[in-house]
Structures are given as C-alpha cells and as structure tokens.
Amino acid sequence: MTSAEPDLEVDVVVIGAGGCGLVAALAAHEAGAEVAVVEKLPRLAGNTMLSSGSIPAAGTRFQAAAGIADDPARFAADLRRTAGPHEAEALVDRLADISAPMVEWLADTIGLPIELIGAYRHVGHSVNRLHAVPSRRGADLMQGLWQAAEERGVPVALATPAIELVVEDGAVRGARVRTQGSAESLIAAKAVILACNGFGHDRELLARFAPDIAGAEYFGALGSDGEAVRWGEALGARLANMGAYQAHSAIAQPHGELVTWTVVEKGGVIVDETGRRFADETLGYSAFAAPALARGGRLFAIYDSRIREATAAGQPDFGVLVAHGGAPDFADATALATACRLPPDVLGETLALTAGAAQGDRPDVLGRKAWGMGPLQAPFVATRIAPALFHTQGGLLVDEEARVLRTDGGVVPGLYAGGGAAAGISGQAGGAGYASGNGLLAALGLGFIAGRAAARLTRTA
Ligand SMILES: Cc1cc2nc3c(=O)[nH]c(=O)nc-3n(C[C@H](O)[C@H](O)[C@H](O)COP(=O)(O)OP(=O)(O)OC[C@H]3O[C@@H](n4cnc5c(N)ncnc54)[C@H](O)[C@@H]3O)c2cc1C
C-alpha cells in the first residue's frame, strides 16, 4: 500500500457508483471539489438499483404538504425503538437530522421527482415518511443521479474496480484501480470515500459475522464483496454492528420477485409445509427471515383477494407478480391446500384460529396483535415464498462527518465511508433492527455528509 507516480490526481475519489457513491460525488462536486468515481461492474448494478428506492426523511416539505407532523427527534426515537442498542448510536440523530435537507436537495438541486409515499408506512415508522420517485424503483433513482453526474461533468469510470487503497504515513491518499483487462492505474486523492456497499456477496465474511443468515439466498447485487471491511481491518479501523442485516422473508417462488410485506400487514399469514404458522408475522419482513430460514421446507404467504387487489393498486411491482400468476386465488381453504400440497385439515384449522384472533375472539397463539383488514375471507390467495438476505448492515464505524474511525478512537486520515460500507443503524445483530429505508438513509445520507466533508478536507489539505 505505497504510492508511486499517479496516473490521475483529483481531490476526492469515490469507490463505488451506487446511491452512496453518486450522492457523495455530487455533494463533493457541489462543494467545489474535483471528483472521480470508480465502479467495479461494467454498468450501474449495485443494490440501490435493485431497491424500491424508499428514502425515509422527517420534517420534509412533502410531509408538510400532506399534513403530516414529523421531526428528526420523532424519527430518531422510531429508529431507536426498532434497532435497540447498538454501536453507531451517534449516527442515529445525525442521519435523522440530515434526512429532510438531503431529500429536499435530491428534489431541488439534483432535480429528482421526489414524492411522499402515502400508500404504505412500513416497518419501524410511526408516521408516513418514506419518499421515492414516482415509479418506486431504485433504478429510476439511480438514473436521475447518473444523469446529474453527467450534466455536471463528474466522471464515473465503469468496469474499474478499486483493488487497493494508497496509504502514506497512515493517511489514505488515493486508490489503485484495475482498468482495461489487467492494467492498473493509480489515482491520487486528498480523500477517498468508500461507497462500495457491504459483504452480502461474500460467504466467508457472512459466515464470520452474520452466521444466522449466511445460509439464505443472497438477493442483492453482485458487487458487494466486502472490500471496505478487509481494507478497513488492515488499517486498524473499527468494525461495528457486524451481525446486523436486512433480510426479506418473502421472495416469490419460482418467480424470484419480492412479495411486499404489505400483504401480511393487511392480514396475511405465513405457513410452513405442515400448514401451520410458526412465528408472529408482525415481527416484520426482515426479522421474520431468520425464523423462516430456520423452519426450512416450503413456505407460503396466505392472504385473500381483497388484500391482493388493494396492495396491487398501490404497489406496481406487486401488480407485476400478480399479472405473472404469482398470486393465484382459490375458492376455499381446501382448494388452496390441495393446489399447494398442504394438509387441508391442518390449514383449515390454522385459518380458523387466525380468523378468531383477528376478530378478537381469542388471543393469537403466536402473540400477533395487528390484523390489517381483519379476518381473511375466501377467495384465498397463496404465494410460495422463501427468505433471502438483501444486504449487510455492519461495516466501518464512522463519526458524524462520515470519517472512518480506528479501534483506538482516532480517525483514519483521508478516509470516509457511507452506505453499506459503513456500520448501519439497524441494531447490533440480526434482521430485527432494520426499519424500512435504513439502507438508503445510510447510503444517501452518509454520502451527502461524506461528500461535503471530504470536499472541506481538500480545501484545508
Ligand atoms: C431488493 C432490495 C430492495 C431494497 N429496497 C430498499 C428500499 O426501498 N429502501 C432502502 O432504504 N433500502 C433498500 N434496500 C437496501 C439498499 O438498496 C442498500 O442499503 C443501499 O442501496 C446501499 O447503497 P450503497 O451505495 O452503499 O451500495 P450499492 O448501491 O450496492 O453501490 C455500491 C457500488 O459499489 C460497487 N463496488 C463494490 N466494490 C467495488 C470496488 N472494489 N471498486 C469499485 N466499485 C465497487 C458495486 O458494484 C456497487 O455498484 C434494498 C436492497 C435490496 C437488495
């Protein structure tokens, strides 16, 4: 990790062209820095592209226009209630504080057509505060960021993986990258922003840090190979919240599409291949994944045609799954059981018990209290599902300026991190601490902070 004559010299080099990297680059450019972005993959294909692009923010003008009273303190309290204690506490308030200015900057400065999502609130939020572009697709969010980078002349080099950080006297001074084929280039910079996401695609790091989910299918992007963790460890950086992750319990089989947890929130249940429920579904889509993985075998989301129609009306991606035949309905529980090869008597008993709990006749045996649209009614709908890992939430601990911290409490000079490369705010371990939108909040929020902070550093360096 030593320097030689650089092939390129910039103020700030950003590693990774996902949501974090592009926001960091745009923010640093706006603050006057000369920036270059390097991306490992030959096209934009990180987790932000795969996401549904929901960004939580508190106290925005979009909320005010919808008559929603919200503020950073309420948001931070929601985040803490969901996550419980963890090692990145200081970031909770910082990200809650920055969330509204960041989302309004995306709308007003970057020009994204941001809207407040009114159709659903989702896990961990006491008011509607998820914002997104109208299509609710991360790909369109990324398209807008990419276009903004192009318009401003911020270079993004695709198919250019960073393979090593350049370090001089303990300070990070650039990155070595691989260009065409096996050629290598050295980019010298006053600051480096790690925006290369987490380690969801690296089985070894997963087994080491998040063994409870290591056996699940990985549903995220291929570029998440854990370089930030490896480079950070070599530099004495502090790793934090390493066992935390976002999972999802319901990937439709064999379609491979996400089944929105809204169908569960509206009253649906999850049964195993014996026709029985096995955990309180209101744990949330991420937390439910570990019990679902442990249960194994064939799993089904069971809901009804009212829920299906109401959900499809507000969530186009789910509408696509319905159109592809992923949410068929059945006249009664016996027909559903026969089609899904479930024991009809057991399934019938499960649905009867569930209906009793939903209409308040008796407490639910698994402790569920919220039943959305009430007891399920025929015709019933079934979707076969499997749990999957979306992304890891552990990473390099950063301070409130997104500077990477060392195990001794000092900072690694010149090094910033955000998004999946940094320690998240979703609890210390497991999938239960993840509030909807924590991924993009850490990606775009820390990118916004890191870009500005790195630009400031370059003015003083
Ligand atoms: C299906 C799905 C749905 C989701 N929905 C939501 C949602 O609605 N809201 C939400 O908040 N979160 C959501 N998430 C999580 C969210 O997408 C991520 O937390 C967030 O996008 C991470 O952003 P990032 O910029 O850190 O990573 P990415 O967007 O993955 O970008 C990292 C980039 O770095 C590149 N890279 C990696 N290593 C190198 C290297 N050595 N050199 C150069 N480039 C490198 C990668 O190829 C990648 O392009 C979802 C995740 C999935 C998988």
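P254 sits in the loop that runs between strand β12 (243-252) and helix α9 (262-265), where helices (H or I, at least four residues) and strands (E, at least two) are DSSP runs numbered from the N terminus. The peptide bond leading from Q253 into P254 is cis, with omega near 5°. A cis bond also joins A378 and P379, with omega about 0°, and P379 belongs to the loop between α14 (344-358) and β16 (380-392).

These details belong to a predicted model, in which local features need pLDDT of at least 70 and side-chain atom pairs count only at pLDDT 80 or more, while totals for chains, interfaces and linings use all residues. Residues are numbered from 1 along each chain as its sequence is written, and side-chain values use heavy atoms, with hydrogens and water left out.

D169, in the loop between β7 (162-168) and β8 (171-178), has a phi near 50°, a positive value in a residue other than glycine. N197, in the loop between β9 (184-194) and α7 (203-209), likewise has a positive phi, near 65°, and is not a glycine. Are these residues buried or exposed? D169 is exposed, with a relative accessible area of 85%, whereas N197 is buried, at 18%; buried here means under 20% relative accessible area, exposed over 50%, and partly exposed in between (1.4 Å probe, protein chains only).

Turning to the protein as a whole, there are 15 helices and 20 strands, and the C-alpha trace spans about 75 × 45 × 40 Å along its principal axes. The radius of gyration is 23 Å, which agrees with the value near 23 Å that a compact globule of 461 residues would have; this radius is taken over C-alpha atoms, and the globule rule is 2.2 Å times the number of residues to the power 0.38. Of the 461 residues, 59% count as buried. Among contacts (heavy atoms within 4.5 Å) with a separation of 6 or more, 74% come from residues 24 or more positions apart.

The interior can be followed through its nonpolar cores, each a set of buried Ala, Val, Leu, Ile, Met, Phe, Trp, Tyr and Cys residues joined through side-chain atoms within 4.5 Å. The largest has 111 residues, and those with the most contacts inside it are I15, L106, L145, L165, L194, L415 and L446. Helix α15 (residues 438-460) gives this core its largest share, 12 residues. Leaving aside neighbours within four places in sequence, L446 is in contact with L91, L95, V398, A402, A417, G418, G419, A422 and L441. Apart from this core lies another, of 41 residues, among them W261, A279, L336 and L342.

Beyond neighbours within four places in sequence, A36 is in contact with L8, V10, V12, V13, V14 and P155. The C-alpha atoms of A36 and G153, which are 117 residues apart along the chain, are separated by 9.8 Å.
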